[in-house]
Amino acid sequence: MKRYLFVILLCAACSGLYANADTADVASPLMLSLDSCRAMALRTSEDIKIAELTVDKAQAEKNALTSMYFPKMSATGGVMYVFKDINVMNSIEGVIPPLEITDERIPEILLDPINKGLGQLRNDIIDAWEPMNISLKGVYMAGLTLMQPVFAGGRVVTGNRLAKMGVGMAQDNLQMKKNETLLEADKMYWMYVSVREKVKLASIYDNLLTEVERLLTNVEDVDMINRNDLMKVQVQHNQVRMQLQQARSGAELCRMALCRMVGLDYLVQIVPTDTVVQTPEYVPLASDSAVYDRLEYRLMKKMIMMKEGQVRLTVGEYLPTVGLAATYSVIGGVEILNTPDLPYEIPAVMATVNIPLTQWWEGSQKIKSAKIDKNISMLEMEKNKRLMELEIKQATLNMQDAFTQIKMSEEALDQAKENLRISTDRYQVELETIVNLLDAQSQWQMAYSDLIDARINFRIRETEFLKATAQLECQ
């Protein structure tokens, strides 16, 4: 009779606890779905914000290089005040040599008057000379310069192509950060779902044993059950309490980590709404071209193209450059010999050609270095391509293992249910001890917990598979 009473109490406690398993949530929690979690994580991720700024930076650099195609105009101007005037050639006595004829074929009677006349002429010129006075009090200068590169060794065209590729690489990097954020958000969400389910399961078992222990204590007082059975229930109850405390601590940490992921305050209570894990009928396989669709592979190909552009830029540094320039200048404020100040307008055009002559050795070595960098990038791409193929294979196998784990966990749970049913029936006819019955109940709890882990692990492995095969960004 006492065994039937214990089984009835056990079943009554289980049914009542399962009915109230979801009443432990705090008031006004935040109901969060997986899609909402992803969207909030994408909005609040610092890595994504940095990647977006990197895209803006690359676009600004591209726009700046586009201006290299157009002429550059600059304006210059200046003012100068010199306190003292400048006197140029105060005397020309030392400049004009003596004027005389020394030809022996001319008679002296003729040379003397001629030389005297030339000497007098020289003296008159020296006496008539006035010093050149230059006044620079308030000199000003203004000018416009227009410069247009005609040929710069191909560096302008190549630089713009590289800048355009830089924008594309920044955009690919942004998408990679989004994929990483989605994967991290999925992990956080499903881990939180997992620990919440385990807390519920442990709470059910804890409340069940609490009720059983209370009932056994009451019947023991009236000598309807021996004290040994009560002690065994208490030992099992203590173990479950420790498991429940660990599960609650884990749930709290996972909740706070999820709050950080979606940009919420750590005090916000979150209730996940997507708790049902759908298991597909079969596991998809990765396509042969999956590695070529990955953002990492595209980035590596663009990096090789960037290295090729660097080679062309290096070559362009040692090619001739051709440019055109036009200037228009105005200079005023200069007074010479007290003449009125009139501005001087100076228009001019010019063409320049710069041909490197002695840098051929330096240039050949720099070009060789740039080509080596390109070859290194090609080898790194091949190495990383094989690593990505291995990663895709590993992600596929991990998802297949997770799928198999679900099937095995479901079978184990069915077996644990059947074992619990048999133990219960045997306990009713006094062919089973309470220790074995509690052990069967514990095995059922462990099997249910393993099934939770298997389902959550499958969802995480599925997201990892989608990311590894370049399908996550399309979800």
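## Aromatic pairs and helix packing in a predicted model

The structure holds six aromatic pairs, a pair being two rings of Phe, Tyr or Trp (its six-membered ring) whose centres lie within 6.5 Å. Planes under 30 degrees apart count as stacked, over 60 as edge-to-face and the rest as tilted. This is a predicted model, in which local features need pLDDT of at least 70 and side-chain atom pairs count only at pLDDT 80 or more, while totals for chains, interfaces and linings use all residues. Residues are numbered from 1 along each chain as its sequence is written, and side-chain values use heavy atoms, with hydrogens and water left out.

Two of the aromatic pairs are set out below.

| Pair | Centre to centre | Angle between planes | Class |
|---|---|---|---|
| Y189 and W190 | 5.5 Å | 90 degrees | edge-to-face |
| F403 and F458 | 6.3 Å | 55 degrees | tilted |

Both Y189 and W190 are buried, as are both F403 and F458; buried means under 20% relative accessible area, exposed over 50% and partly exposed in between, with a 1.4 Å probe and protein chains only. F403 belongs to helix α9 and F458 to helix α10, so this pair ties together parts that are 55 residues apart in sequence. Helices here are DSSP runs (H or I, at least four residues), numbered from the N terminus.

Helix α9 (residues 360-428) packs against helix α10 (residues 434-468) at an angle of about 160 degrees, and their axes are 8 Å apart. The axes are lines fitted to C-alpha atoms over the stretch in contact, and angles run from 0 to 180 degrees between N-to-C directions. The two helices, α9 and α10, are therefore roughly antiparallel to each other, a term for angles over 145 degrees. The contact of α9 with α10 has 22 nonpolar, eleven polar and seven charged residues. In this classification, Ala, Val, Leu, Ile, Met, Phe, Trp, Tyr, Cys and Pro are nonpolar, Asp, Glu, Lys and Arg are charged, and the others, Gly among them, are polar.

Helix α8 (residues 295-316) also packs with α9: their axes come within 8 Å and cross at roughly 175 degrees. That makes α8 roughly antiparallel to α9. Eleven nonpolar, four polar and ten charged residues make up the contact of α8 with α9.

How many disulfides does a search of the whole structure find? The search finds zero, with a disulfide taken as a pair of cysteine sulfur atoms within 2.5 Å. Among the cysteines, C37 is buried, with a relative accessible area of 0%, and C254 counts as buried at 13% relative accessibility.

Terms used
Angles under 35 degrees count as roughly parallel, over 145 as roughly antiparallel, 65 to 115 as roughly perpendicular and the rest as oblique.
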